[in-house]
Amino acid sequence: MRVTNVVFAGLGGQGVIKASDILAQAAFRAGLDVKKSELHGMSQRGGSVTSDVRFGDRVYSPMVPQGEADYLIVLEPSQVEVNLPLLRPGGVLLSPEIIPPDRLSNKRSLNVALLGVLSGLVGLDPDAILAAVRQALPERLYQINERAFEFGREIAERG
Amino acid sequence: MDRRLCSGDEAVALAACDAGVCLGTGYPGTPSTEILEAFDALGGRAQWAPNEKVALEVGLGVAFANARSLVTMKHVGLNVAADPLFTAAYTGVTGALIVVTADDPGMASSQNEQDNRRYAVAAGLPMIEPADAQEAYDFVFRAIEISERWSIPVLFRMTTRVCHAKSIVTRDPSAAPATQKAYFEHDRSARVMIPANAKPAHRRLRAKLAGLRDWAEQDAFDAGLNQFVPGRSDLGLVTSGVAHLHALEAAPDASFLKLGLVHPLALDRVRAFAASVDRCVVIEEGDPVLAEALRAHDVAVTAKPERYRFGELDVARVRRILAGETAAEPAPPRGKPPALCPACPYHPVYRVLRDLDCIVAGDIGCYSLGVLPPYETFDTLVAMGAALGVGLGLRHALPEAEARRVVSVIGDSTFVHSGITGLVEMTYNPPPTGHVVLVLDNQTTAMTGQQEHPATGRRLNHTPTTRFSIEGVARAIGIDQVAVIDPVADEGGFAALLRERLAANDLSVIVARRPCILAAAGIRRWQAQASGPAGTAPAPGVSV
Ligand SMILES: Cc1ncc(C[n+]2csc(CCOP(=O)(O)OP(=O)(O)O)c2C)c(N)n1
Ligand code: SF4
């Protein structure tokens, strides 16, 4: 399997790193080589955060080269434009607008909803990604996030 | 086999656990902080020291007792620990002393991007550099073996992308060197560095390094520290650290000589490698340390162009280096800068500093964000603890009207780290207008992710211990006016107090005490768990 490059972007506190951790775990459990990295020095104070996940048979650098992301998942509208140069020509952008905010019972599960959208596209078993969501979150938050994930999945199926 | 996805920091902690490291100590600093936190979570004995110098000294004591110690810090922390480090190179150790220096090329969260490979050369210590989490795990074992075999401290250099990047690690405790019991044996000529002992000790150190240099040529390859990867004969790349992985991706069929032991260098092997290829380029992040060292020994290698000294490398930049690309690089995406949390207790402090038009000698921490709009109150930021000295210098030099506006602003963890001697200077050489020091006591080390420190009264694992009293120390040092106030509950009182102290000729310390909003819930939980009053800082207002 060639290397798949995914970049998550947003602001501190939105769960960018959580989302990338979940995807990386799912790829790891699928038996693939995985690397992920981000700069999160000041992220908790609301600054921009991006996190790179790469998986395939063999991954070298932990960073997605600029202009080579196959998927760019953005959690905050203001961060779409600035991060577009990361995407390769023909790459897929998942921006927050595809999830109508009133459809999420908690807007903090936007990261997981977008993972749901991604799950049908990225070449990993969607149920394995959902299993990684379950593992990454405390039990009390799981139901809300499972619903967000399934909602994202439906959106992807509807195209 | 235990296989897991983990960061380089966690991998170091895993290895420390598997190798029976007796004690891990350090001072928080991105990107090194998670090592000791993970070591603690794994059941290791991990503790925060007040600063890196103390941490290194504690680690050295452990290693004098024939046990293994791990000391962690960010790159600038090694500046603080440099004094004992250089002489520990002379004394050597009987157990193992592994000093992790986590460099931050690109300055994701640092005040400079110094390249600590220079310290290995300057102090005369072996330095090991992993490229990813698996190597971080494996190389800790090699570092311990070298430290014990040559009785020498070992520098373990990581960088942001090695510390924080996650990759797959296979854990193999059976590969860890066997541990020995701690014991003490007098060895005064080796450990008491009066000149008569230090002179032969310096020669011993150089002899050890000569032995290590020989070892680097073949054994370091057998041990997996240095690696030769045959490939094309027209392009050879000498690499180290994460730059190796970028280079592998940029030029997968080149020949590689990857150095995991970056000091001392396997000079003969690199020389032969360079001679075996048409073109030999050194791909390294930061300063051209390897290229300079190799060229000084007439090894024919090409260094990267000067512009790549700045910032991190990545695959695209390595491609540009190899292609000799001279056009300007595309600008990285411009993100939104961080800001103080909306409910941060520092907001009223910065409002008051701005309204009083203070000249602020600042320091490093979350509170440094006061330099950004809407406050723009910070006038200087240099190194931890520098707020005090710089503020005093400004007071000494400025005309009275301006001198009176100078305030030194420092956080609680930073105060304990290196503010105390500044207070001593303040009472020893007081400026004619006096001085005002504002300690922003949010009862945590917020900047690096809410670590405990001596003035929180809790250890690394949040259990209670003796609380260091900032106000008590200020009084004991002889500061005229010491006050504790909650700037959120009483912003007007805080403004009035600061105005009054700026107008007086006294030496004043004002402790603005109010917990960090992100840490507050944790602090309440740890306090509830603690039995008895230890670990609780006195509420503001009781001790003005
Ligand atoms: C020598 C050195 N060690 C560590 C660091 C990393 N660092 C910068 S400020 C800081 C402490 C901040 O804590 P505090 O003073 O309590 O301020 P807060 O972040 O809580 O506002 C640390 C650990 C550094 N910059 N320099
Ligand atoms: S983390 Fe704490 S200290 Fe830092 S800005 Fe937020 S509330 Fe303030």
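1. **Cysteines.** The sulfur of Cys6(B) sits 12 Å from the closest cysteine sulfur, that of Cys17(B), which is too far for a bond. A disulfide here means a pair of cysteine sulfur atoms within 2.5 Å. In general terms, a disulfide is a covalent bond between the sulfur atoms of two cysteines. The search of the whole structure finds zero disulfides over all chains. Cys6(B) is buried, at 3% relative accessible area. Cys344(B) is buried as well, at 12%. Buried means under 20% relative accessible area, exposed means over 50%, and partly exposed is in between (1.4 Å probe, protein chains only).

2. **Ground rules.** This is a predicted model, in which local features need pLDDT of at least 70 and side-chain atom pairs count only at pLDDT 80 or more, while totals for chains, interfaces and linings use all residues. Residues are numbered from 1 along each chain as its sequence is written, chains are lettered from A and ligands numbered from 1 in the order in which they are written, and side-chain values use heavy atoms, with hydrogens and water left out.

3. **Who surrounds ligand 1?** Which residues come nearest to ligand 1? There are 26 residues around the ligand, and Glu52(B), Tyr346(B), Asp412(B), Thr414(B) and Ala446(B) come nearest. A residue counts as near if one of its heavy atoms lies within 4 Å of the molecule or strand in question. By class, the shell has eleven nonpolar, twelve polar and three charged residues.

4. **Polar pairs at the ligand.** Take the side chains one by one. In Glu52(B), a side-chain N or O atom is 2.6 Å from a nitrogen atom of ligand 1. Asp412(B) places a polar side-chain atom 2.5 Å from an oxygen atom of the ligand. Thr414(B) has a polar side-chain atom 2.6 Å from an oxygen atom of ligand 1. On its own, ligand 1 has 590 Å² of accessible area, and the protein covers 98% of that. Accessible areas come from the Shrake-Rupley method with a 1.4 Å probe; for residues, only the protein chains shown count as cover. A polar contact is a pair of N or O atoms within 3.5 Å; within protein, one must be able to donate a hydrogen and the other to accept it, and residues adjacent in sequence count only if both atoms are side-chain atoms.

5. **Where the shell comes from.** Ligand 1 lies between domain 1 (2–222) and domain 3 (347–535) of chain B, because both give residues to its shell. The domain bounds come from an automatic or database domain assignment. Two helices of chain B, α4 (75–80) and α19 (412–418), each supply at least two shell residues. α19(B) gives the most, with four residues. Helices (H or I, at least four residues) and strands (E, at least two) are DSSP runs, numbered from the N terminus.

6. **Ser413(B).** This residue is in helix α19 of chain B. Is Ser413(B) buried or exposed? Ser413(B) counts as buried, at 5% relative accessibility. Its side chain makes a polar contact of 2.6 Å with the side chain of Tyr27(B).

7. **Cis peptide bonds.** The bond from Thr30(B) to Pro31(B) is cis, with omega near 5°. Pro31(B) lies in the loop between β2 (23–26) and α2 (34–41) of chain B. The bond from His263(B) to Pro264(B) is also cis, with omega near -5°. Pro264(B) is in the loop between β12 (261–263) and α13 (267–276) of chain B.

8. **Positive phi.** Asn66(B) is not a glycine, yet has a positive phi of about 70°. Asn66(B) is in the loop between α3 (52–64) and β4 (68–74) of chain B, and is buried at 8% relative accessibility. Ser151(B), not a glycine either, has a positive phi of about 50°. Ser151(B) is in the loop between α7 (133–149) and β7 (154–159) of chain B, and is partly exposed at 27%.

9. **Two further loop residues.** Val242(B) is in the loop between β10 (235–239) and α12 (243–250) of chain B, and is buried at 1% relative accessible area. Thr463(B) is in the loop between β17 (435–441) and α21 (470–477) of chain B, and is partly exposed at 30%.

Methods. Nonpolar A, V, L, I, M, F, W, Y, C, P; charged D, E, K, R; others polar.
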